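Reader: I am new to this structure. Could you show it and then take my questions one by one?

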Amino acid sequence: PKRTIPKDRCIDNTCKLLMEGYLFIPNRCRRYKTDLFQTRLMGQKVICLSGEDAAEIFYNNHLFTRKGAIPKRIQKTLFGKKAIQTMDGPDHKHRKSMFLSMMTPNRMDRLVKITEKQWLKSAKQWERKDRIILFNEAGKILCRSACQWAGVPIRKSEVTQRAKDFSAMIDAFGAVGPRHWKGRCARNRCEKWMKQIIKDTRCEKIYVPEGTALHDIAFYRDAKGKLLRPKIAGIEIINVLRPITAIATYITFGAVAMHTNPECEKKIQYDEDNYTHMFAQEVRRYYPFGPFLGARVRNDFLYNHQLFRKGTLVFLDLYGTDHDARIWYQPNHFWPERFKYRKGSPYDFIPQGGGNYDTGHRCPGEWITTMLIKVSMSFLANHLKYKVPLQDLGYSLRRMPTLPKSKFIMQKIKLV
Ligand code: HEM
């Protein structure tokens with residue numbers, strides 16, 4: 001049977017995307033009772049895909065390429081130009097192996113220990129404060145921990161600004177106007193900082209031990225045996241520091257989840273059946289972060305009786321797939337125990353992308369993210385007593401990226 005793909009009737013839907021945010025793709029999939037539909041965004045035709053089967057197609061390297069898929073405005077804020085996110089094929093695989101080589105159990109464990117120490121150090125100071133905003137404090141803790149782990153020297157007086165800059169780059173991805181420009185300024189400042197650090201590392205002006213991300217990236221040689229240009233190497237070290245700092249978003253949502261589901265706090269304290277791990281996974285599934293990803297059709301192919309023409313831009317719905325009722329029982333219910341029963345595939349749980357780590361673009365920081373949410377939730381539940389004053393913990397699904405409005409204010413903090 002010949003079926004045609006549902007089409008959004010419109011001249012351009014970019015405004016609606018900005019208004020509907022995380023629900024833009026899920027709303028239309030529900031409306032048209034479909035996993036794929038066609039629309040127009042940023043002046044071009046886009047096919048949107050959702051669900052596990054669609055994710056498997058999207059991560060097939062024979063069908064899709066990342067060349068020309070990331071808009072310049074995102075490269076100038078979130079990712080950086082010519083970074084790993086824009087690469088394909090053997091060159092991508094080679095660069096990706098550099099990132100993956102940082103993720104050995106020993107090295108990740110070191111990051112967890114560093115972060116735990118930073119929580120303790122910061123919490124001692126909070127005891128003397130009237131109130132703190134968890135999102136801001138977690139960002140500083142993670143920025144400091146990431147730099148220490150990666151071998152990047154950072155002065156105490158610098159931490160607040162750098163953490164703010166990493167945050168601003170992320171905050172820019174769904175924005176037009178001032179938020180976009182703030183992200184661009186933050187990126188320019190950071191790239192300048194990192195370019196100098198790469199140069200200083202290479203001429204041994206600063207000492208960087210082996211087995212750190214800075215050492216790996218500064219001395220990484222591509223498939224042709226060449227060092228990366230200092231600007232590109234700087235962009236890649238930012239690709240480690242920025243997302244580690246971004247875990248503050250999940251920590252803030254995690255604190256909200258613990259506060260609104262009080263039984264979770266007790267369960268984290270007992271940690272039976274590795275409950276804290278399941279809690280961290282459910283935070284990554286339930287709360288919105290990356291809304292969707294883009295790629296372009298490499299060569300014409302047919303899927304679901306639909307011709308995908310070479311060069312067409314295709315979006316994969318991350319948020320919708322993580323809330324797909326065919327995969328998740330009661331998807332809009334926060335329920336960590338669901339992970340006890342999950343069989344799982346590389347395509348059904350995709351807050352940080354799906355598919356294969358080595359040959360695809362799946363996030364190499366997924367293990368770190370889960371581990372740092374875990375250690376942070378464990379710290380909040382086991383080592384801190386605090387009051388949560390009346391505040392607006394709600395978050396908008398229209399804003400991308402989003403956060404609880406109050407960013408989680410804590411009072412009367414005591415270390416125990
Ligand atoms: C890629 C999300 C943490 C490093 C990605 C992708 C997503 C993502 C959606 C794109 C996948 C794709 O294009 O198919 C997140 C989220 C994080 C997080 C929500 C937690 C807040 C991290 C951490 C690191 C990291 C901790 C590093 C230490 C990277 C890199 C890529 C990437 C280098 C590019 C991979 C490639 O293109 O092959 N991440 N990530 N991320 N992430 Fe993460």
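This is a predicted model: local features need pLDDT of at least 70, side-chain atom pairs count only at pLDDT 80 or more; totals for chains, interfaces and linings use all residues.

Reader: How many residues surround the ligand?

Author: A residue is near a molecule if its C-beta atom, placed from the backbone, lies within 6 Å of it. The closest here are Pro243, Gly353, His361, Cys363 and Gly365. The shell holds 24 residues.

Reader: Which element gives the most to the shell around the ligand?

Author: Helices (H or I, at least four residues) and strands (E, at least two) are DSSP runs, numbered from the N terminus. The elements that give two or more residues to the shell are α5 (89–100), α11 (230–260) and α15 (366–383). With seven residues, the element that gives the most is α11.

Reader: How many residues of the shell around the ligand are nonpolar?

Author: Ala, Val, Leu, Ile, Met, Phe, Trp, Tyr, Cys and Pro count as nonpolar, Asp, Glu, Lys and Arg as charged, and the others, Gly among them, as polar. The shell has eight polar and two charged residues. Its nonpolar residues number 14.

Reader: Ile235 is found in helix α11. Is Ile235 buried or exposed?

Author: A residue is buried if 20 or more other C-beta atoms lie within 10 Å of its own, exposed if 12 or fewer, and partly exposed in between, with C-beta atoms placed from the backbone. Ile235 has 25 other C-beta atoms within 10 Å. Ile235 is therefore buried.

Reader: Which residues does Ile235 touch, not counting residues up to four places away in sequence?

Author: Two residues are in contact if their C-beta atoms, placed from the backbone, lie within 7 Å. By that rule, Ile235 touches Gly80, Ala83 and Glu191.

Reader: In what order do the strands of the three-stranded open sheet stand?

Author: Two strands pair if DSSP finds at least two bridges between them. Strand β4 (residues 131–133) pairs with strand β10 (residues 409–415) over three bridges, in the antiparallel sense. Three bridges also join strand β9 (residues 384–387) to β10, again antiparallel. The order is β4-β10-β9.

Reader: Why is one side of β4 and of β9 left without a neighbour in the sheet?

Author: Look at the pairs first: Ile132 stands opposite Met410 in β10, and Lys387 stands opposite Gln411 in β10. β4 and β9 each have a single partner strand, so one side of each is left without a neighbour, because both stand at the edges.

Reader: Which strands stand at the edges of the five-stranded sheet?

Author: This open sheet has the order β1-β2-β8-β5-β3, with mixed pairing. β1 pairs with strand β2 (residues 44–50) in the antiparallel sense over six bridges. Two strands have a single partner each, so one side of each lacks a neighbour in the sheet: β1 (36–41) and β3 (64–65).

Reader: At what angle do helix α4 and helix α9 pack?

Author: Axes are lines fitted to C-alpha atoms, for helices over the stretch in contact, and angles run from 0 to 180 degrees between N-to-C directions. Arg73, Lys76 and Thr77 in α4 meet His180, Gly183, Arg184 and Arg187 in α9. Helix α4 (residues 72–79) and helix α9 (residues 178–202) have their axes 7 Å apart, at an angle of about 55 degrees.

Reader: How are α8 and α11 turned to each other?

Author: Angles under 35 degrees count as roughly parallel, over 145 as roughly antiparallel, 65 to 115 as roughly perpendicular and the rest as oblique. The axes of helix α8 (residues 159–171) and α11 come within 9 Å and cross at roughly 90 degrees. The two helices are therefore roughly perpendicular.

Reader: Which residues does a cis peptide bond join?

Author: Look in the loop between β9 and β10, where Pro401 lies. Omega is about -5 degrees for the bond between Met400 and Pro401.

Reader: Glu204 has a positive phi although it is not a glycine. Is Glu204 buried or exposed?

Author: Glu204 is found in the loop between α9 and α10 (213–218). Its phi is about 60 degrees. Glu204 has 8 C-beta neighbours inside 10 Å, so it counts as exposed.

Note on methods:
Residues are numbered from 1 along each chain as its sequence is written.
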